[in-house]
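This report describes parts of one protein model for a reader who has not seen it before. Please look through the sequence and the structure before reading on.

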Amino acid sequence: MISNNRFRSSAAKTRLLAFPLIIAALLAGAYSQEKEPIDVVKVNTDLVVFDVQVIDKKTGRVVGDLNKEDFELSDNGVKQPISYFSRDELPLSIILLLDVSASVRPIIHDIRDGALNALQRLKPGDQVAVMAFSERSQLAQDFTKDRALVSRKIEEVTATNRLGSGTFLGAAMEEAALHMQTAPTPTSRRVIIVITDNIAPSIASQQRSALYDLFESGTVVYGLIVRGAFGKVFNVLSLGQIKGVNKYVEETGGEVLGADKKEVDAKLSEVIDRLRARYAIGFRPSNSTDDGKFRPVVIKIAPAIKRKEKPIVLTKRGYYLRRRKD
């Protein structure tokens with residue numbers, strides 16, 4: 001059992017808002033019409049930003065043409081004005097979390113090649129870290145903009161089975177969530193993309209620990225499910241009940257996509273394109289007390305907005321307010 005001390009040490013270490021955006025300059029340019037105080041540190045500390053995806057309920061297609069006025073936001077049940085709004089303006093900090101367990105190894109080359117090709121979809125300012133997991137986890141490459149270096153590390157980490165044969169996703173997600181808090185670009189949108197066959201039982205204590213850190217850093221989890229022959233058979237035998245990555249995706253407002261082994265390139269590219277279509281929506285909490293409590297947030301489409309789609313908002317459930325200590 002992981003104690004609350006581990007949570008507290010994580011919070012004390014980061015002392016960040018739920019989504020650590022130091023975006024004073026960006027805010028000043030985008031919303032110069034708002035009379036902001038000169039004390040930009042106070043502005044930064046007060047701002048909480050949520051990463052939001054909107055999809056059509058019927059088709060799953062991304063709805064990418066919305067404006068700030070199309071959204072409503074409530075913090076702990078209290079409606080709040082939206083202070084910051086953007087789409088695809090902030091760089092990405094991505095942890096590519098690769099399942100290299102025994103059930104995946106027969107198709108590991110397809111996964112590797114798909115990941116290498118999909119890197120070309122990233123923008124120059126985006127940073128990528130590479131982690132692999134099986135029975136153990138390994139940070140193969142820390143955050144970098146060097147695509148050639150990332151490619152080499154993906155090839156290296158998928159070339160051997162030295163991390164074991166099991167699929168210990170919970171421990172790997174704990175490490176990835178904690179490491180995301182070290183992402184060097186404070187203004188980035190933070191994403192963990194897990195490529196796995198999803199045959200990974202969950203351990204409740206690990207799940208709680210990882211989710212706490214994911215909420216702390218404002219990280220969104222995307223799952224790309226790729227299965228070889230064993231994974232397909234096991235999924236049928238288990239009646240599809242083992243879905244290791246799904247809880248992290250649901251709680252952080254990400255998405256799960258499936259891919260055949262020959263579709264990894266195209267599907268991972270689609271994941272990156274869908275990330276580009278997400279919105280950044282920020283507000284200033286009316287209760288600015290650093291009380292350590294989880295605060296539920298609801299973001300929805302304004303009822304007056306009439307569209308042909310049936311839009312669904314995907315985002316994390318809430319946040320922990322952490323005021324920066326001077």
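## Lysine 300

Lysine 300 touches Asp70, Phe71, Glu72 and Val313, leaving aside residues up to four places away in sequence; contact means heavy atoms within 4.5 Å. The residue lies in strand S12 (residues 294-301). Helices (H or I, at least four residues) and strands (E, at least two) are DSSP runs, numbered from the N terminus. Lysine 300 counts as partly exposed because its relative accessible area is 44%; buried means under 20% relative accessible area, exposed over 50%, and partly exposed in between (1.4 Å probe, protein chains only). Between the C-alpha atoms of lysine 300 and isoleucine 312 there are 7.8 Å, and the two residues are twelve residues apart along the chain.

The model is predicted: local features need pLDDT of at least 70, side-chain atom pairs count only at pLDDT 80 or more, and totals for chains, interfaces and linings use all residues. Residues are numbered from 1 along each chain as its sequence is written, and side-chain values use heavy atoms, with hydrogens and water left out.

## The four-stranded sheet

Four strands form an open sheet in the order S4-S11-S1-S13, with antiparallel pairing. Two strands pair if DSSP finds at least two bridges between them. Strand S4 (84-87) and strand S13 (311-314) are the edge strands, each pairing on one side only. On average, neighbouring strands of this sheet are turned by 25° against each other, direction ignored. Axes here are lines fitted to C-alpha atoms, for helices over the stretch in contact, and angles run from 0 to 180 degrees between N-to-C directions.

Strand S1 (residues 48-56) and S13 run antiparallel and are joined by four bridges. Glutamine 53 has leucine 314 in S13 as its bridge partner.

Helix H10 (residues 264-276) has 13 residues and reaches 18 Å from its first C-alpha to its last, close to the 18 Å expected at 1.5 Å a residue. The expected span is 1.5 Å times one less than the number of residues in the helix. Buried residues in H10 include Val264, Leu268, Val271, Ile272 and Leu275, and also Arg274 and Arg276.

Arginine 278 sits in the loop between H10 and strand S11 (279-283). With a relative accessible area of 0%, arginine 278 is buried. Its side chain makes a polar contact with the side chain of aspartate 51 at 2.2 Å. A polar contact is a pair of N or O atoms within 3.5 Å; within protein, one must be able to donate a hydrogen and the other to accept it, and residues adjacent in sequence count only if both atoms are side-chain atoms. Among the residues that arginine 278 touches are Gln53 and Leu314, as well as Ser86 and Arg87.

## Aromatic pairs

The structure holds nine aromatic pairs. Rings of Phe, Tyr and Trp (its six-membered ring) pair if their centres lie within 6.5 Å; planes under 30 degrees apart count as stacked, over 60 as edge-to-face and the rest as tilted. Phenylalanine 50 and phenylalanine 283 form a tilted pair, 6.2 Å centre to centre with 45° between the planes. This pair links distant parts of the chain, with phenylalanine 50 in strand S1 and phenylalanine 283 in strand S11, 233 residues apart. Both phenylalanine 50 and phenylalanine 283 are buried.

Tyrosine 212 and tyrosine 320 also form a tilted pair, 4.7 Å centre to centre with 45° between the planes. Tyrosine 212 belongs to helix H7 (residues 204-217) and tyrosine 320 to strand S14 (residues 318-320), 108 residues apart. Tyrosine 212 is buried at 4% relative accessibility, and tyrosine 320 is buried at 13%. Tyr212, Phe215, Phe294 and Tyr320 form one aromatic cluster.
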